[in-house]
Structure formats: C-alpha cells, structure tokens
Amino acid sequence: MFNIVIFGAPGSGKGTQSQKLIDRYGLTHISTGDVLRAQITAGTELGNIADSYISKGHLIPDDLMVDILANEIDRLRPQANGFIFDGFPRTIPQAEALKKMLGQRGEEVHSVIGLEVDDEELMKRLVKRGAESGRSDDNPSTISNRLKIYHTTTSPLREYYTTEGKYRPIHGLGHVDEIFQRITDSIDAHPSSPKAKN
Ligand code: AMP
C-alpha cells in the first residue's frame, strides 16, 4: 500500500486534488469531513455531535475522530491499494494516533503533500465555495475561526512531518492541473510510489 496524507488549510484544494489522485493511482479516499457530513445528513447521534462542532468551525475532539478514522480504515482496507487521508490528521495527537494505527496494521504514511496557499486566497475560495455549495461552515465568521485553528493547531504538523522526512510542500496557487503536476512529480519521485493508471 502507498499512503498519502493530503494536507493544507481549509480551501487549499485538498478535495479537488484528492479526486485527481484517486483517478491516477487508484487510491482509496478517506475524507473525515465527508464522513462527518454524511453522518449529519443521516441524522445519526454521531452526526448531531459532529454538527455542534462543525457549525462553529471547531474541531471534533481527538478521541472521537481517531475512533472514526480507525473504523474507516478497517472498513475500506480489504479492497484498498493505499489511502489518501484528506482532513486527517489535524492535530499532533491525531498524527501520533495515525502512526500507531497504521503501524499496528503493518502500514505507514509514505508522503505528506502540503498544499501551501496564503490566507487571502483561502478566504476568497471559501466564500465562493459557500455561495456555490451551500456548505454551512463556509460563511465568513466560521471561515475565520477555521483558519485560526488551522494556524494554531494544524500547521505545526508541517514541522512534525518535516522531522519525519515526509513533508512535501507544494505551491498551491495556479491552475488545478499545474498544481496536480507538481503533486504527481513529488509522488513519482518517491522510491515506492504507486504506478499511475493513466
Ligand atoms: P473538512 O471537510 O476537512 O474541511 O472538515 C470540515 C469540518 O469537519 C472541520 O472544520 C472540522 O469541524 C471537522 N473535521 C474534519 N476532520 C477533522 C479532524 N481530523 N479533526 C477534527 N475535526 C475534523
């Protein structure tokens, strides 16, 4: 298996680039945001808990998030060639839990693709996405909360994964295909990179 973390602030293009990576390498996508939104739509107890955090732009507590991720990994692993983790980890304890969880299954994170985009551009993209998709957390006050949390709590993971020798910074401005090319150049340079399907 080849496992990628796609990393970056809200609005940095993680979802868009993940879809392209799935098409190219046949990897399995785990987006924790999508998992939580599906629970909210289904009106489950977990969905209600998640909604109380998401609607304010807060993070879901680590313990709960780690359990959700472990379930997803075990559910999808039998048919997966590798995972793209999108939106997880968002905290250092989550990164440590991911390392342990994969290690117990004989797996590891091979590469952390960090989409680097400045705040002004992120704000513009998120406001536009909110208008187009109707995502309830893409409104200006929640967005600024999410960006704040990204800088205080999530961005220290860049250093964490740099120390692990896994962080690959990618310039996240430009055309979607140009950014994708930068990502695939980085993945293809990895000694155990997956074969492209197309
Ligand atoms: P996303 O779609 O990745 O932007 O996630 C939307 C929201 O879901 C976030 O703003 C958080 O409230 C919550 N969320 C998603 N992933 C995580 C995570 N790994 N840890 C905590 N909260 C998360």
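Let's start with the open space in this predicted model: the largest pocket holds about 1100 Å³. A pocket here is an open set of points on a 1 Å grid over the protein atoms alone, where a 1.4 Å probe fits and protein lies on both sides within 12 Å along at least five of seven lines. Its volume is the space filled by probe spheres set on those points, which are joined across faces, edges and corners.

Lining this pocket are 49 residues, and P10, G11, K14, R129 and R135 are the closest to its centre; a lining residue has an atom within 4 Å of a grid point. By class, the lining divides into 17 nonpolar, 19 polar and 13 charged residues (Ala, Val, Leu, Ile, Met, Phe, Trp, Tyr, Cys and Pro count as nonpolar, Asp, Glu, Lys and Arg as charged, and the others, Gly among them, as polar). Helix α6 gives the most, with six residues. Elements that each supply at least two include β1 (4-8), α1 (14-25), β2 (28-31) and α9 (176-188). Helices (H or I, at least four residues) and strands (E, at least two) are DSSP runs numbered from the N terminus.

Now look for the ligand, which sits in the largest pocket; that is, more than half of its atoms lie within 2 Å of the pocket's grid points. Around the ligand are 16 residues, with T32, H58, G87, R90 and Q94 the closest (each has a heavy atom within 4 Å of it). This shell has six nonpolar, five polar and five charged residues. Helix α2 (residues 32-42) gives the most to the shell, with four residues.

T32 places a polar side-chain atom 2.8 Å from a nitrogen atom of the ligand. A backbone N or O atom of H58 lies 2.6 Å from a ligand oxygen atom, and a polar backbone atom of I60 is 3.0 Å from a ligand nitrogen atom. The protein covers 96% of the 480 Å² of accessible area that the ligand has on its own (Shrake-Rupley method, 1.4 Å probe).

One more feature to find is the cis peptide bond between F88 and P89, with omega about 0°. P89 lies in the loop between β3 (83-86) and α5 (92-104).

Residues are numbered from 1 along each chain as its sequence is written, and side-chain values use heavy atoms, leaving out hydrogens and water. In this predicted model, local features need pLDDT of at least 70 and side-chain atom pairs count only at pLDDT 80 or more, while totals for chains, interfaces and linings use all residues.

Methods. A polar contact is a pair of N or O atoms within 3.5 Å; within protein, one must be able to donate a hydrogen and the other to accept it, and residues adjacent in sequence count only if both atoms are side-chain atoms.
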